[in-house]
Amino acid sequence: MATRALRRSVARVRAAAASDAAGLRQALAALLVSSGGDLLAGLTLGAITGTLEALPGLLVLVPAAIGMRGNIFGALGSRLGTAIHTGTFRFSWRRDTVVGQNLWASVVLTLSISAALAVLAKTMASLFGVADTISLLDFLVISIVGGVLSSVVVLAVTLGVAGLSVRRGWDMDNVAAPLVTASGDMVTLPSLFLATFLVGLGGVTAVIGTLSALVAVTALGLAWRTDREVMRRVLHESMPVLLVAGTIDIVAGLTIEHRVESFLTYPALLVLVPPFLEDTGALGGILSARLASKLHLGVITPAVKPQRPARDDFAIIGLLAVPVFTLLALSADLVSALFGFASPGALQMIAITLIGGLLSTAVAVVVSYYGSALTYRLGLDPDNYGIPLLTSTMDLVGALSLVFAIIVLRVS
């Protein structure tokens, strides 16, 4: 009986992969590119350990700042993907166009959420015993200035991916999430690092922090009451979920902060953190974007029991997870060896990423499907909710799964 069920499952996975071979290749290529890019983020994290030690509490902000770029612009990519599928995509910054309203909404969200993350990071770090944390003004400067610098690049990447998808016939649902989130990971840490040079300058830091916060609050206040329907809907629906997502990411940062000794023993594990968290979120992001498009197009309905097209997508995500996490472990181990970072060894790295990665992927499937189905059933746009909820949840789940795998394998 068990053997027969296993054969049916294998046959179903093969059928799902064969039915969307092009999409599978696109998604795998995007995931591998994003993993490679995120290794650079991991190396950056290892290189700025001195800054993290000099600015207590900054590590708490890092996953949230990285995740928020993916949340905001991953959701933008998902909405642009839906616009491409439904034939409403026309590139323009004009606020009377669908794309223009989405772009301006993303700019406002960048400013306002960056300010909110600074407040959350300072509050949570103080409440959970991170000693001698930097001041709120320091957090505001680093979060807002660093967020703006990185968002300029990520916005350009998102628009570039959308343009290429239209011209080359790519399915943006398969490539946007991993490429956009990877670009956010690569540029956010260097941007935050650059912003730290504005900290500790006395009155200069105070002025920059205060002005940045005022600009963020003013932009949100003006945009919140806009008469542009698409922009207003994106803001009204995105703000609550992004705040929840930011809080979850802050908790993920606290999780890593409280287990930092394990990562310092083997810096290769620290190199692993950004790409591992990105890949768990990207796999779920691909699934979430595919499900959102299927819901909009009527291919599936938001039923309690997933329908066959949705289950096929689950199989594809599971099929992608194994090579992605295996190659990630090998790449992180190799890069760490090249830069002289201690590692527990290639086999241990593979075991850590597969145990943590498959656990995270299973959670991603559940969160993606029921999150998309629930928001659609409530009359909300799953493009606005799916990726932010999924990626932030996966940052926390990924951090917990990674720590769990390290503990289970007794790597310390």
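In this predicted model, residues 24 or more positions apart account for 83% of the contacts with a separation of 6 or more. The protein has 412 residues, and 56% of them are buried. It contains 14 helices and 0 strands.

**Overall make-up**

**Helices H11 and H12**
- Two packed helices are described by the angle between their axes and the distance between the axes.
- Helix H11 covers residues 267-297 and helix H12 covers residues 308-338; they pack at an angle of about 165°, and their axes lie 10 Å apart.
- Because angles over 145 degrees count as roughly antiparallel, H11 is roughly antiparallel to H12.
- The crossing of H11 and H12 is right-handed.
- In the contact of H11 with H12, 20 residues are nonpolar, 2 are polar and 4 are charged.

**Aromatic pairs**
- A pair of aromatic rings is described by the distance of the centres and the angle of the planes.
- The count of aromatic pairs is 4.
- In one of these pairs, the rings of phenylalanine 276 and phenylalanine 325 have centres 5.5 Å apart and planes at 45°, so the pair is tilted.
- This pair links distant parts of the chain, with phenylalanine 276 in helix H11 and phenylalanine 325 in helix H12, 49 residues apart.
- Phenylalanine 276 and phenylalanine 325 are both buried.
- In another pair, the ring centres of phenylalanine 314 and tyrosine 369 are 5.8 Å apart and the planes stand at 85°, so the pair is edge-to-face.
- Phenylalanine 314 lies in helix H12 and tyrosine 369 in helix H13 (residues 346-377); they are 55 residues apart, and the pair links distant parts of the chain.
- Phenylalanine 314 is buried, as is tyrosine 369.
- One aromatic cluster is formed by Phe314, Tyr369 and Tyr370.

**Serine 114**
- Serine 114 sits in helix H5, which spans residues 98-127.
- Its relative accessible area is 1%, so serine 114 is buried, since buried means under 20%.
- Leaving aside residues up to four places away in sequence, serine 114 touches Arg69, Leu109, Ser143, Ile144 and Gly147.

Methods. Residues are numbered from 1 along each chain as its sequence is written. This is a predicted model: local features need pLDDT of at least 70, side-chain atom pairs count only at pLDDT 80 or more; totals for chains, interfaces and linings use all residues. Side-chain values use heavy atoms; hydrogens and water are left out. Axes are lines fitted to C-alpha atoms, for helices over the stretch in contact, and angles run from 0 to 180 degrees between N-to-C directions. Helices (H or I, at least four residues) and strands (E, at least two) are DSSP runs, numbered from the N terminus. Angles under 35 degrees count as roughly parallel, over 145 as roughly antiparallel, 65 to 115 as roughly perpendicular and the rest as oblique. A crossing is left-handed if the near helix is turned anticlockwise from the far one by less than a right angle, and right-handed if clockwise. Ala, Val, Leu, Ile, Met, Phe, Trp, Tyr, Cys and Pro count as nonpolar, Asp, Glu, Lys and Arg as charged, and the others, Gly among them, as polar. Rings of Phe, Tyr and Trp (its six-membered ring) pair if their centres lie within 6.5 Å; planes under 30 degrees apart count as stacked, over 60 as edge-to-face and the rest as tilted. Buried means under 20% relative accessible area, exposed over 50%, partly exposed in between (1.4 Å probe, protein chains only). Contact means heavy atoms within 4.5 Å.
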